[in-house]
Amino acid sequence: MIDLPALWRPPEYPGAPAEIERKLDVLTSRLIAVARNHRDARLASSLSVEDMLLTDIIFNDLGRARETLSVFTLETGLLHRETRELLEESAGRYPGLMTVYEPDREKVAAYVTANGVHAFYDSLELRHGCCALRKVEPLNRALQGADAWITGQRRQQASTRIALPLVEDDRARNIRKYNPLADWSEAEVWAAAKTRNVPVNTLYHKGYPSIGCEPCTIAVKAGEDIRSGRWWWEQSNRRECGLHVPPAPAD
Ligand code: SF4
């Protein structure tokens with residue numbers, strides 16, 4: 001019998017529960033500070049465990065400070081069934097909090113007609129074109145009118161994020177961008193989500209540490225780079241979808 005390599009699993013946190021409580025207090029303070037400093041700050045949620053943790057705190061712990069914060073997600077049209085189920089569960093758990101943005105159907109239809117249903121596998125240019133239509137354009141629409149946005153990015157997630165600051169200037173939109181989990185480890189995020197009983201995508205328990213669109217995401221093995229299952233056919237170690245341009249630390 002051949003032993004198959006084990007799939008990635010959510011990590012266990014080796015530290016004391018009190019340390020997670022302390023980090024959660026700091027995280028809540030960071031979100032309250034964002035809420036107080038802006039009239040309309042929006043969390044861009046990919047429904048990742050990081051974004052679900054932030055959503056849970058915004059909904060349950062911010063009191064009146066929540067009035068200037070909101071959450072949105074992008075339904076690209078090519079999400080896994082498990083991700084769509086989490087979206088439904090989130091709507092019930094956090095009623096009225098999350099807005100869903102979809103791509104422009106006519107533009108997507110034109111792209112598919114011109115290039116084919118699976119054109120994103122054919123070239124980097126076509127892959128970026130698909131991400132631009134299904135993710136970047138809806139993101140730009142979702143952020144119109146906002147004076148800040150919030151992400152669940154962490155420094156440990158990718159080589160492109162090693163220098164990620166807690167606060168940066170989004171110079172393209174001329175607004176602030178906050179990464180309140182920048183200095184959190186993967187194990188700390190999972191411990192906090194477990195402590196708070198935050199709903200998470202069931203794909204995490206099937207070997208998916210980073211979850212995007214279904215055709216562009218595969219499970220990874222234990223010990224592999226956590227983003228190696230995203231656009232797995234590409235060679236570059238700078239695989240991103242264009243939602244996050246390199247950071248410009250705030251002055
Ligand atoms: S992740 Fe894949 S399917 Fe999703 S928008 Fe990008 S190229 Fe298209």
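Which residue just after α4 takes a positive phi? That residue is Gly 116, with a phi of about 105°. Welcome to a short tour of this predicted model, a protein chain with 6 helices and 6 strands and a ligand surrounded by 13 residues. We start with the whole chain, then visit the ligand shell, the helices and a few loop positions.

**The chain as a whole**

- Read from the N terminus, the elements of the protein chain follow the order α-β-α-β-α-β-α-α-β-β-β-α.
- The radius of gyration is 18 Å, close to the 18 Å that the globule rule gives for 251 residues, so the protein chain is as compact as a globular protein of that length.
- Buried residues account for 33% of the 251 residues in the protein chain.
- Of the contacts between residues at least 6 apart in sequence, 75% join residues at least 24 apart.

**The ligand shell and Arg 134**

- Among the 13 residues that surround the ligand, the closest are Cys 130, Cys 131, Arg 134, Cys 213 and Cys 216.
- By class, the shell around the ligand holds 8 nonpolar, 2 polar and 3 charged residues.
- Arg 134, one of those closest residues, belongs to helix α5, which covers residues 124-142.
- Is Arg 134 buried or exposed? Arg 134 has 24 other C-beta atoms within 10 Å, and the cut-off for a buried residue is 20 or more, so Arg 134 counts as buried.
- Leaving aside residues up to four places away in sequence, Arg 134 touches Thr 76, Gly 77, Leu 78, Pro 103 and Val 108.
- Arg 134 and Asp 147 are 13 residues apart in sequence, and their C-alpha atoms are 23 Å apart in space.

**Helix α4 and its two ends**

- Helix α4 spans residues 105-115, and Arg 105 and Asn 115 both lie in this helix.
- Of the 11 residues of α4, the number buried is 1, so the helix lies largely in the open.
- Arg 105 has 9 C-beta neighbours inside 10 Å and therefore counts as exposed.
- Asn 115 has 15 other C-beta atoms within 10 Å, so Asn 115 is partly exposed.
- Asn 115 and Gly 92 are 38 Å apart by the C-alpha to C-alpha distance, at a sequence separation of 23 residues.
- Just after α4 comes Gly 116, the glycine from our opening question, with its positive phi of about 105°.

**How α1 meets α2**

- Helix α1 (residues 17-37) packs against helix α2 (residues 49-61) at an angle of about 70°, and their axes are 11 Å apart.
- That angle makes α1 roughly perpendicular to α2.
- On the α1 side, the contact is made by Leu 27, Thr 28 and Leu 31, and on the α2 side by Ile 57, Ile 58 and Asp 61.
- The contact of α1 with α2 has 4 nonpolar, 1 polar and 1 charged residues.

**Loop positions worth a look**

- Leu 47 is not a glycine, although its phi is positive at about 70°.
- Leu 47 sits in the loop between β1 (41-45) and α2.
- With 25 other C-beta atoms within 10 Å, Leu 47 is buried.
- Asn 174 also has a positive phi, of about 60°, although it is not a glycine.
- The place of Asn 174 is the loop between β5 (167-170) and β6 (175-178).
- Is Asn 174 buried or exposed? Asn 174 has 8 other C-beta atoms within 10 Å, so Asn 174 is exposed.
- Pro 95 lies in the loop between α3 (81-93) and β3 (98-101).
- Pro 95 is exposed, because 9 other C-beta atoms lie within 10 Å.
- Pro 95 and Arg 196 are 101 residues apart along the chain, and 18 Å separates their C-alpha atoms.

Technical notes. Residues are numbered from 1 along each chain as its sequence is written. This is a predicted model: local features need pLDDT of at least 70, side-chain atom pairs count only at pLDDT 80 or more; totals for chains, interfaces and linings use all residues. A residue is near a molecule or strand if its C-beta atom, placed from the backbone, lies within 6 Å of it. Ala, Val, Leu, Ile, Met, Phe, Trp, Tyr, Cys and Pro count as nonpolar, Asp, Glu, Lys and Arg as charged, and the others, Gly among them, as polar. Helices (H or I, at least four residues) and strands (E, at least two) are DSSP runs, numbered from the N terminus. A residue is buried if 20 or more other C-beta atoms lie within 10 Å of its own, exposed if 12 or fewer, and partly exposed in between; C-beta atoms are placed from the backbone. The radius of gyration is taken over C-alpha atoms; the globule rule is 2.2 Å times the number of residues to the power 0.38. Two residues are in contact if their C-beta atoms, placed from the backbone, lie within 7 Å. Axes are lines fitted to C-alpha atoms, for helices over the stretch in contact, and angles run from 0 to 180 degrees between N-to-C directions. Angles under 35 degrees count as roughly parallel, over 145 as roughly antiparallel, 65 to 115 as roughly perpendicular and the rest as oblique.
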